[in-house]
Amino acid sequence: MSAHEARHDRPLADCLEDFWECADDLPRDRDPEPPDPAPDRLGCSGITVRGRDLAAVLRPAYDAFTRRADVSSD
Amino acid sequence: MFALHAVWRADRRLALWAEDSLLPPDGYACAPETVAQLLGGTGPGLEWLMTKAAEDVTTLLLPTQNGAPLLSPELGRAVQGPRAAVTLAPWRVPSLLLEPGEAAQLLGELYAPGKPFLPTQLPAEGPVDVPYGASLRWLTAIHDLAWRLVGRGQVLPAVATEDGRPYARWRPVPDGDGWRETRELTAAVPPVCRAERSSGHPDGRAAGELVADLLDVLADCEARAALEDEPPLLRPGRVRSPDGVPEAWLRALGSYSGRVEGADAAALAGLRDRLDAWYRSEAPADEPLRTCFRLGEPLGPDPADPDGDPSDDNWRLEFLLQATDEPSLMVAADALWAPGPGLSALERKAPRPGDAFLDGLARAARLWPPLREALRSSHPTALRLDRAGALAFLRDAAPALAAAGHGVLLPTWWQRPAGFGLTLGVRTAQPGLVHDRSLLDRDRIVAFRWRAAIGDQPLTEAELTELAAAKQPLVRLRGQWTEVDPALIAAALAFLERQGSGTMAAGEVLRVALDPDATVGGLPVAGVSADGRLGDLLAGTADHRVDPVPVPSGFGATLRPYQERGLDWLAFMSRLGLGAVLADDMGLGKTVQTLALLAVEHAQGAPGPNLLVCPMSLVGNWQREAARFAPMLRVHVHHGSQRLSGDALRRAVQGADLVVTTYGLAERDAAELRALQWRRVIADEAQHIKNSATRQAVAVRSLPATHRIALTGTPVENRLAELHAVLDFANPGLFGSAARFKERWSIPIERDGHSDTAAELQRHTRPFILRRLKNDPAIARDLPEKVEMTVNCGLTAEQAGLYRAAVSDMLARIAESRGIERKGVVLSTLTKLKQICNHPAQFLHEPYEGASARLAGRSGKLERLEEILAEALAEGDKVLCFTQFAEFGRLLHGHLARRLGREVLFLHGGVPKHARDAMTAHFQDPAGPPVFLLSLKAGGTGLNLTAAAHVIHLDRWWNPAVEDQATDRAFRLGQRRNVQVRKFVCAGTIEERIDAMIEAKRTLAGSVVGDGEQWLTELSTDELRDLVELSADAGEEST
């Protein structure tokens, strides 16, 4: 254990004082963040499915993910 | 009054319960259906979700006082009764359970940051505000993060195994900001959320592990929710891939359960590996600070057993943070969390180094999952590994982490692995003998012992047994860790038991010791150590330490000290049955050393003739040198149109000690020569067989002989293919085929520039090659200021014909003339003969401009000159060539320039002073032309030509005093330089005979040889005839 043991690492028996509380304020509203599809960070997959690269096959899923976020934040 | 709480259970269900302030003291939580009513009362969405909920009991560790759980602050009830101690105790809490999919929906619906109450309705009581417990607020915040990760597309599909079954899962892959938020949420976790007691978590759960599980499950649920109404990723259709695995997995990514149906386990594992490889291809982040990993060997005992022995399983993978533009700035992770010099230094490079470190660690954990354990702590510093884990890190993780841009620091013994093999120890001295005087030869029986070794360190028997018992690839030996193959160790043990020691012939030892690819019992030979002369040979110091061999008394030369060592070495190699390569610089006397060896063997009565193969232009030289230095040798020359064959050849060869032939004839008469028994084959100017594929080379290599020697002046080490050809001639097969040699040595050394490999090759070839350089001070010491040599050249048929005609013409005319007329005839004939010996074109006064084809192949001297110039230029030397005849100089000037491809200077009497000075300066310039032709009357003074290392007298003033003056006055000898002076003499002609006379009478003043050449005209006709007549064997150059 490192020298800087925070509350969340301590045994429960040592946390009885504030057993029911969050240690800090929870983060509030966040600024909208741009899409960042994970496959774009990677190189070529080298995996083909029915003749297409896996990243291309997965693309519609990522479109669905980011679309859903846009809709909900309106 | 109610308060809502929630906990994420280890079985991946969300447990909800509510405290009821109105319950009697021995109650605690309300019945689950009340919870359902509370939540369902908010609206139709949650109402429907409640129909999916189950009821169950959750065991929670709660703060307890006076036998009852303390209520949460949301209920605001003051503590009753005396203040007793608060302890932690387990309670069985009735709760509502939701499966992951519904849990995700619920948490999404309940997300209301900033609103502490949930407005709802109860059937009996109407509208009521229910406080959110912190636990529920926290869980909704986690869910919101998971939802946002999916919304940004920060997920990647994976193959997972749950309860032994395969699933397709969407895994969250946060970026730096996402990780930061994760850490903040982890740090904020209310302890109650960790308080579930289950069989795997008797004291509650760790925060990091809880958050990781939550994010994994919730992100997967939200991804599926997003895909629910979308068309499938693959249109249903005929399965194309051979095993259907990618299709089945893709289908499962969009299904509700994620279960992969109908896929073969092995194929699925293959898909997982390929996905892992794809995920590792993430381009390394270009960050000012990067996370580093350092593997430390186990020191001290296992922490679990502090008094125990040093543990082999206590490895430590330390984490550090390094500045990429200043690699020496590297700070251990535990210094990142409090102010200090390390942290300040890093902060100058980038803000918040702690975050950068954690981001890097998170990225690394994706590449090597065991690191995830370290991420669970808020301030990770190191990861403990056992031996298997350390090996896995070294083999798998380290390359992947390094490729992704992390720093990886490995122990040095891993980076330069020492191979496991066998070493041979040889004892040549016979025990019991105080001084062993007998010379080492290849039949001498020596005692040997094999030992196992790592690198070149032999292991004791105890160590080897210990290695074998370890049965692990990573073992510690003498304080050093190393990776070994258990199968090899077992093989070594078996071998040592069977054939570990004994006796063998020295020649056999050498075969093993000198073969770089030798294996014994399936193991590589790591090294050979021997004592005595054998040890010297293997160390390459043999030429300095071998037993001296006395030169027989009839030998016609006194060897210089380095030549004596050369002779000793050649004799030593011969005794050991090893082929030798003598590669001294030109002019150091390879010929005389070889002849000395033959003379020594002749004196010992060694049987069998030696065959010497040389270029045609050197046949005469060998003949003359043999006659001069080793007159006891019976020499037979196999050359010319009249050469012997069949039985006559056999008889001649059997009666000879040395047979001289040419490369051309070695090829043409290969069948005949192969049928004869040779003691030794000597290849002179062995660069003629440097291309091992030529017919000549093949023919020479096919000659059967017990011994072999190659003589060469060209530094073959520079071109490895040539080196192999020469070594392969000397010791056939020892260095493998040309192709294997190229693959093993030439490519790594010449193409890839591996200096380690170059050093290794030198070690293997050193025993076979003796090479001295004339500029080596130790050698130059043994050389006189001027090394004088006679080069015996032959005559072409054309020259011989012209020569004979001129001689018979002279003899006819002087028979009928007297006095001045006679003198005139003699003198003019002598000049003609000189010209003929130089070149027919000079004699015939042919024009000197025009194609050099008119000059080539017509003069033995010209051929030798070209060879010598080529060799000298290859050694980087400059050469002066003197001739009496300006016309010859003019003929040579253009021809040599074309032949050598270099500028050639020509100075003759008609050149004005300023031009002469310019030429001199040009020659002296190190970058200037390497060849200077001079045709000067004996008056050339004041020329500074010290840049020359060679002087060649193409033709002679037949007066030694005049000659020496020309040589010495023409240039001033530098003190540091040893100059080689060559005098060209045509064998079998007047030149040879005059030369002999001059040599014999050099020390005498005056007498027959006076100033000028007048003395020749005083000779009688008979004396003249003897002097000028051409020997019968001259003029055979062209066959």
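Guide: Two strands are said to pair if DSSP finds at least two bridges between them. The model discussed here is predicted.

Visitor: Which residue stands opposite Leu905(B) in β33(B)?

Guide: The strands concerned are β32(B) and β33(B), which pair in the parallel sense over five bridges. Within this pairing, the residue of β33(B) that stands opposite Leu905(B) is Phe932(B).

Visitor: To which order of strands do β32(B) and β33(B) belong in the open sheet of six strands?

Guide: The edge strands of this sheet are β30 (786-793) and β32 (904-908) of chain B, each of which pairs on one side only. The twist averages 20 degrees from one strand to the next. With parallel pairing, the order in chain B is β30-β35-β34-β31-β33-β32.

Visitor: What angle does the direction of helix α35 of chain B make with that of β32(B)?

Guide: Helix α35 (residues 913-924) of chain B packs on the sheet and touches both β32 and β33 (931-935) of chain B. Together, β32(B), α35(B) and β33(B) form a right-handed β-α-β unit. Between the directions of α35(B) and β32(B), the angle is about 145 degrees.

Visitor: In the open sheet of five strands, which strands of chain B stand at the edges?

Guide: This sheet has antiparallel pairing and the order β1-β2-β5-β3-β4 in chain B. An edge strand has a single partner strand, so one side of it is left without a neighbour in the sheet. The strands in that position are β1 (2-8) and β4 (68-69) of chain B.

Visitor: Which residue in β5(B) is the bridge partner of Leu60(B)?

Guide: Strand β3 (residues 54-65) and strand β5 (residues 87-98), both of chain B, pair in the antiparallel sense over 11 bridges. The bridge partner of Leu60(B) in β5(B) is Trp91(B).

Visitor: Is Val192(B) buried or exposed?

Guide: Val192(B) is found in the loop between α5 (176-188) and α6 (207-227) of chain B. A residue counts as buried if 20 or more other C-beta atoms lie within 10 Å of its own. Because Val192(B) has 25 such atoms within 10 Å, it is buried.

Visitor: Which residues of chain A are in contact with Val192(B)?

Guide: Neighbours within four places in sequence are left aside here. In chain B, the contacts of Val192(B) are His5(B), Val7(B) and Ser135(B). In chain A, they are Phe19(A) and Trp20(A).

Visitor: Which element gives the largest share of the side of chain A that touches chain B?

Guide: The contact takes 44 residues from chain A and 60 residues from chain B. The side of chain A has 27 nonpolar, seven polar and 10 charged residues. The largest share of that side, 10 residues, comes from helix α1 (residues 54-73) of chain A.

Visitor: What percentage of the residues of chain B count as buried?

Guide: Chain B has 39 helices and 35 strands. Of the contacts in chain B with a separation of 6 or more, 71% are accounted for by residues 24 or more positions apart. Among the 1039 residues of chain B, the buried share is 43%.

Key: Residues numbered from 1 in each chain as written. Chains lettered and ligands numbered in written order. Predicted model: local features only at pLDDT ≥ 70, side-chain atom pairs only at ≥ 80, totals over all residues. Contact = placed C-beta atoms within 7 Å. Helix = DSSP H or I, 4+ residues; strand = E, 2+ residues; numbered from the N terminus. Nonpolar A, V, L, I, M, F, W, Y, C, P; charged D, E, K, R; others polar. Axes fitted to C-alpha atoms, helices over the stretch in contact; angles between N-to-C directions. Buried ≥ 20, exposed ≤ 12 C-beta atoms within 10 Å, placed from the backbone. Right-handed = clockwise from strand over helix to strand, strands pointing away.
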